[in-house]
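Below are my notes, in the order I looked things up.

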Amino acid sequence: MTLRLAASTAALLLAVPALAQTAAPAIDPANITETVRTMASDQFQGRAPGTVGEERTVGYLIGRLQALGLEPAGSDGGWTQRVPLLHTRLGTPETLAFDRGGTTTPLAFGTDIYLSTLQPNDRAVVAGAPMVFVGYGVDAPERGWDDFKGVDLKGKVAVFLINDPDFVAKKGEPAFGKFKGRTMTYYGRWTYKFEEAARRGAVAALIVHDTEGVGYGWNVVNSPGGENYGLVVPPEKMTSLALQGWISGDTATKLFAAAGQDLAKLRVAARRADFRPIDLGTNFDAAIPSAHEEVQSQNVLAKITGTQRPDEVVMIGAHWDAYGEGEPDAQGRIYRAGANDDALGVAGMFEMARLFKAAPPPERSIAFAFWTAEERGLLGSEHYAANPLFPVEKTVANLGLDILQTAGRAKDVILVGKGQSTLEDDLARFAAAQGRSVSEESLPERGLFFRADHFSLAKRGVPVLLMMGIAGASDLVEGGKAAGQAWVDAYTGQCYHQACDAWDPSWNLDGAVQDIQLFYQIGDELARSTRWPGWQPTSEFGAIRAESAAARQ
């Protein structure tokens with residue numbers, strides 16, 4: 001569809017200084033600054049899907065793309081692809097408790113337990129459902145692992161541990177080395193746990209929160225405030241989960257103790273292949289009002305058409321959405337505007353587009369995808385991957401920008417997801433040309449490879465590469481890895497998904513410029529070659545790509 005700019009959006013565009021349209025092959029930090037300051041301003045209201053903030057954001061993006069001279073690449077010749085979303089928000093619970101033998105333990109929403117729903121009902125209800133501990137909740141026949149052992153979960157509440165069975169396994173334990181050790185697999189992600197519970201007909205799924213295992217604190221779990229988004233699906237494909245969420249570590253310890261179980265010992269038992277689910281002898285009761293609506297959100301897509309092989313596409317992506325309005329922070333800020341996450345990535349894409357347009361036309365097409373609802377579960381990119389506008393089998397690669405470090409120049413670049421795609425070799429080669437080395441992500445247990453929009457394309461076999469500043473401590477020119485770690489700790493500990501992820505004049509964008517320039521060079525080479533990147537032998541996505549090999553001959 002073709003979207004007309006609202007008057008308010010047109011005024012915003014006029015307020016943004018004209019950006020340089022030079023042929024110089026260099027990323028301009030001044031342009032990046034203006035984009036981030038604009039997108040993180042209050043006028044965009046935190047860029048939540050389905051809000052006035054989305055309308056203004058989409059209009060702004062289209063205006064910028066038109067000014068850069070790009071072509072529309074959305075549906076029906078327009079700039080956008082519609083993404084129908086289910087938007088829900090839980091109200092104040094009427095009932096929320098554990099019940100064991102008639103003894104009721106009330107639960108405080110947001111403190112003891114965090115919940116949301118992806119069912120379009122006026123009330124989310126779980127009535128006296130038995131709670132079953134399923135360990136890590138992994139069913140991986142290729143690894144000889146099954147935590148469920150045929151136990152029926154229909155109508156029950158599945159209680160999970162986060163991460164993989166070998167996350168903290170020690171040498172000699174059955175789980176040791178079964179997955180990827182400290183490197184999270186998709187089996188370790190909370191999304192997988194909820195999906196598996198639904199596949200087995202559970203009425204609710206609860207994950208025991210563990211900061212080390214999930215990679216962030218309870219404040220991040222609680223930050224959506226009972227709100228959730230999902231893709232609109234027909235009734236027969238709707239999740240069986242009336243509620244899904246997390247139990248705080250302290251609450252879980254008490255729950256297990258009341259059931260005569262030791263959670264610490266069960267964590268160890270769950271690292272054995274012979275683990276069997278445990279009935280906790282406790283029921284879960286919840287009745288919570290739920291507001292729900294269908295929201296028409298949008299991905300924004302643009303392209304530069306290739307001169308020789310236009311059906312072969314190099315895709316660059318970042319998400320435009322953030323978290324919208326929330327409770328005031330200490331400074332009174334109500335908009336969680338995602339200045340770094342991911343207005344900075346969007347700004348990087350505009351700069352790359354500017355350079356591509358200033359250069360000779362590419363042989364392959366270059367697509368620029370601005371995704372919606374990444375913060376709600378990669379929903380915009382997932383909808384696109386299921387309904388692609390460019391053939392997936394001829395999508396050369398997907399390069400994703402999602403959070404860049406703002407602490408200055410670095411001697412290295414952080415690799416996310418070692419052992420996945422052959423694009424890692426390109427990363428190392430171009431980094432060396434910049435005088436930089438490649439460092440592996442320092443916290444692979446956080447599963448960042450599965451937490452950004454490129455993953456939706458990876459699941460369909462497209463080789464991917466992600467730039468994410470929080471994946472590890474950059475070796476900064478000033479201060480080394482200690483300074484890099486201090487930046488990661490400060491950002492993830494204070495501002496990740498919070499109102500303080502705002503534009504800050506103290507940002508040093510020199511490191512972000514390095515990373516954006518690096519992705520531009522990789523994309524430029526791919527767009528001017530006949531080479532097809534692939535998957536490493538250790539990757540689970542290689543077989544998917546192999547199925548469409550004939551299309552790339």
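Which residues of strand β5 (residues 113-116) are buried on one side, and which on the other? I found Ile-113 and Leu-115 on one side and Tyr-114 and Ser-116 on the other, all of them buried, so both faces of β5 are covered. Buried here means under 20% relative accessible area, while exposed means over 50% and partly exposed lies in between, with a 1.4 Å probe and protein chains only.

Some ground rules for myself. This is a predicted model, in which local features need pLDDT of at least 70 and side-chain atom pairs count only at pLDDT 80 or more, whereas totals for chains, interfaces and linings use all residues. Residues are numbered from 1 along each chain as its sequence is written, and side-chain values use heavy atoms, leaving out hydrogens and water. Helices (H or I, at least four residues) and strands (E, at least two) are DSSP runs, numbered from the N terminus.

**Strand β5, continued**

I looked up the partner of β5 and found strand β12 (residues 243-247), joined to β5 by 4 bridges and running antiparallel. For two strands to pair, DSSP has to find at least two bridges between them. Leu-115 has Gly-245 as its bridge partner in β12.

Next I turned to helix packing. Two packed helices are described by the angle between their axes and the distance between the axes. The axes are lines fitted to C-alpha atoms, for helices over the stretch in contact, and angles run from 0 to 180 degrees between N-to-C directions. Under 35 degrees counts as roughly parallel, over 145 as roughly antiparallel, 65 to 115 as roughly perpendicular, and the rest as oblique.

I began with helix α2 (residues 29-39) and helix α9 (residues 339-358), whose axes come within 9 Å and cross at roughly 135 degrees. That makes α2 and α9 oblique to each other. Nonpolar covers Ala, Val, Leu, Ile, Met, Phe, Trp, Tyr, Cys and Pro; charged covers Asp, Glu, Lys and Arg; the others, Gly among them, are polar. Contact means heavy atoms within 4.5 Å.

How do helix α3 (residues 52-68) and α9 cross? Their axes come within 10 Å and cross at roughly 20 degrees, so I noted α3 and α9 as roughly parallel. This crossing is right-handed too. Tyr-60, Leu-61, Arg-64, Leu-65 and Leu-68 of α3 make the contact with Val-346, Phe-350, Ala-353, Arg-354 and Lys-357 of α9. The tally for α3 with α9 is 7 nonpolar, no polar and 3 charged.

That left α2 with α3. Their axes come within 11 Å and cross at roughly 160 degrees, so α2 and α3 are roughly antiparallel. I noted another right-handed crossing here. Thr-35, Thr-38 and Met-39 in α2 meet Thr-57, Tyr-60, Leu-61 and Arg-64 in α3. This contact divides into 3 nonpolar, 3 polar and 1 charged.

**A loop residue: Ile-27**

I checked Ile-27, in the loop between α1 (7-15) and α2. Is Ile-27 buried or exposed? Its relative accessible area is 6%, so Ile-27 is buried. Leaving aside neighbours within four places in sequence, Ile-27 is in contact with residues including Ile-32, Glu-351, Arg-354 and Ile-516.

I found a cis peptide bond from Asp-341 to Asp-342, with omega near 15 degrees. Asp-342 sits in helix α9.

Asn-163 is not a glycine, but has a positive phi of about 80 degrees. I placed Asn-163 in the loop between β9 (157-161) and α4 (190-199), and at 0% relative accessibility it counts as buried.

Ile-403, not a glycine either, has a positive phi of about 80 degrees. Ile-403 lies in the loop between β18 (395-401) and β19 (412-415) and is buried, at a relative accessible area of 1%.

Note on methods. Left-handed = near helix turned anticlockwise from the far one by under 90°.
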